[in-house]
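Q: I have a model on my screen and a list of annotated residues. Where do I start?

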Amino acid sequence: MTTKKGSYQVWHTDTYGLPGSVDKQTSFSPDSGHIGDNDSRAELAEDFGWTEEEREQWGNKAEFILSCVGLSVGLGNVWRFPYLAYANGGAAFLIAYIILQLLIGKPMYFMELVMGQYSGSGPTKVWRMNPAAKGIGVSMCMISLIVSIYYNIIMAYTLYYFFASMQETLPWTQCSEEWIRDYNCVSKYEPSPAPCTLNMTQNQELGKCSCTGNSTIDNSSLPFNMSCTPKIVGTSSAELYFYQEVIQISSGMEPSSMGAPLYRIVLCLILSWTVVVVCLIKGIKSSGKVVYFTATFPYVILLILLVRGSLLDGAKEGVEYFIIPEWKKLADLQVWVAAAGQMFFSLGVSFGGIIMFGSYNKFTNKVYSDSLLISLTDMITSIIAGFVVFTAFGGMAKATGRKVSEVAKSGYGMAFVVYPEALSNLPPSQLWSVLFFFMLFTLGLDSEFGMLETVITCIQDEFPKLKKYKTYICIGLSCACFLMALPCTCPGGDYVVTIMDHYGSDFALLIVSCFEVISVMWVYGAMRFLKDIQYMLGSRPHGWPYWVFCWTVTAPLLIGLMFLYRMVQYKPPSYSDGTPYPHFAQSIGWTLLSLVLCPIPLGLIWRLIQSFSNPSVTTFKSRLHFLFSPSTDWGPNDKSARKIRNEAKISDDLSMEKLSYDNATVIQASPEKIV
């Protein structure tokens, strides 16, 4: 079976004995029918008449690895992972996290990298493999856009603290008169004396003791001219600095309470977006160079802080609190849901960034080992960050006479309240503070690159003529994101960020990821996907039954169950006192979620409408084929295979069905080699 030129032989079988991709030992020319490594892509393009524009590629493998690590390892690794581990049973949470990594995280990370590298397409164009599911890619793009908007707000906070750390006295270590009067501000906690007892001799030896609340015990020392010391209840200056000075948080998110943008936060936000634009203005050609620093510098600081924190008195207690398991927590579904949420945010699965980064790879890149390395690095980084945070917490708890559980806070409090307070006890405190917040900024910078580049790639893939205007797109998109983020810089902006995070990314990710893995593995086909991997890499991945099982069973099943659990146990975002956000705010959140998810059904409906206008679609079976079968322009990002595909379209004796171009294998035109 030959093409018109008679120079190629196309062979496809339903068995899994594919010979792999083009033999690199042979040479190729239009006359000899061979492809060689010495032929340049430009020469081959000229010989074959390819019309598709060449996609830019990573300068080298290190840029790809570091960019993926930078996307996965972000600000959440420093405060979100340690706090979730503390709040959900320490090592029990780690066990749940590792199990979900193996059953969902790693398989989906590998799947998305393969999708991008095999097709050479971004999150929207890759769905030529299943045209009815294109809305999934649009939803991924929207999630990345929403996260990139509020993510830069947090990066602006890190810049604020970075510059504030350069003062002679760290500003969060001092109490103003107003804070002392209104909030009983405490600049530094003092260790509380031991509780009083009925043993008078022991009380006298203590000199002073803490009141227990038991009148008999507390009054027993009065005849000896001793009185118990009441426990001081106050608010730390670090907490007041963040909430009252930096973000100046309002009492609520009603329009009357939102306030105007805070100019210092706005200036930091402008600086943050400027850095992002400068680093991303040339796409991966510029960001690929920046990640050499931004993806490695945080590890240097983390290791320095880990060593310094390990030397603190009380560090052991902090580490024990982090790693000693509460085994009964493993039976709590909330622990598994929390671990799953951290896994999605940490790895970046279903954001579209993994597909986008993979699309800039060379077709034969060994993506299997890359996916394992990157996902393992992300997990190890989270654990290291946990040790860094809890050694510092243990030292602070020892110095202030409190428990480790009393110094740990959720959310921003981990990075902007507790850690600044801990850093103030490490001489020279200014140096450690500058290094820590610069590290936080570089951590966030890599993730911001990935999310914004995902949106830009989607735009360029859908409108190829805009590729030459990439610089203007990057600047224009960044300016638009800055303007949309201005409400987040107001005193009520913290609540806006929570709404965007809870509805625009947290909830949406579970739904999108479930549709994604079903659309690829159950509609496109897991075994077809496996053949694509074999064609691209020359062999099936090691332990391929495990990957197929995770793709087809554990990933969609567990994600679906976790989503149902979230819906049944749904709790709306709430203020610090536990009061739920007002109904209008929740309505805005549900509207945002609907906007993010609506492309999924709309994409299916649009494809269905197209089927009725296609004259070749006349039966129910043909309509299903039109909806869910790969489109005619779907194929590997391998120019030799695309050449065969294009010739097959005009061949008299080779149909597209016989070619099965999504798994095409090209071999030398010799009948005796067909086995």
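A: Start with a cut-off: a residue is buried when its relative accessible area is under 20%. Keep in mind that this model is predicted.

Q: Is Asn77 buried or exposed?
A: Asn77 has a relative accessible area of 2%, so it is buried. Asn77 lies in helix α3.

Q: What does UniProt list for "binding site"?
A: The unreviewed UniProt entry gives Gly70, Val73, Asn77, Ser346, Leu443, Asp446 and Ser447.

Q: Where is Val73 placed?
A: Val73 sits in the loop between α2 (61-72) and α3 (76-87). Its relative accessibility is 5%, so Val73 counts as buried.

Q: How do I read contacts, and which residues does Val73 touch?
A: Contact means heavy atoms within 4.5 Å. Leaving aside residues up to four places away in sequence, Val73 touches Tyr299, Ser346, Asp378, Thr381, Leu443 and Ser447. With that same exclusion, residues touched by Asn77 include Ser346, Asp378, Ser382 and Ala385.

Q: Which residues make the contact?
A: From α3 come Phe81, Leu84 and Ala85, and from α4 come Phe93, Leu94 and Tyr97. The residues of this contact divide into 6 nonpolar, no polar and no charged.

Key: Residues numbered from 1 in each chain as written. Predicted model: local features only at pLDDT ≥ 70, side-chain atom pairs only at ≥ 80, totals over all residues. Heavy atoms only, no water. UniProt positions renumbered as here; feature names shortened; annotations may be inferred. Helix = DSSP H or I, 4+ residues; strand = E, 2+ residues; numbered from the N terminus. Buried < 20%, exposed > 50% of the residue type's maximum accessible area, 1.4 Å probe, protein only. Nonpolar A, V, L, I, M, F, W, Y, C, P; charged D, E, K, R; others polar.
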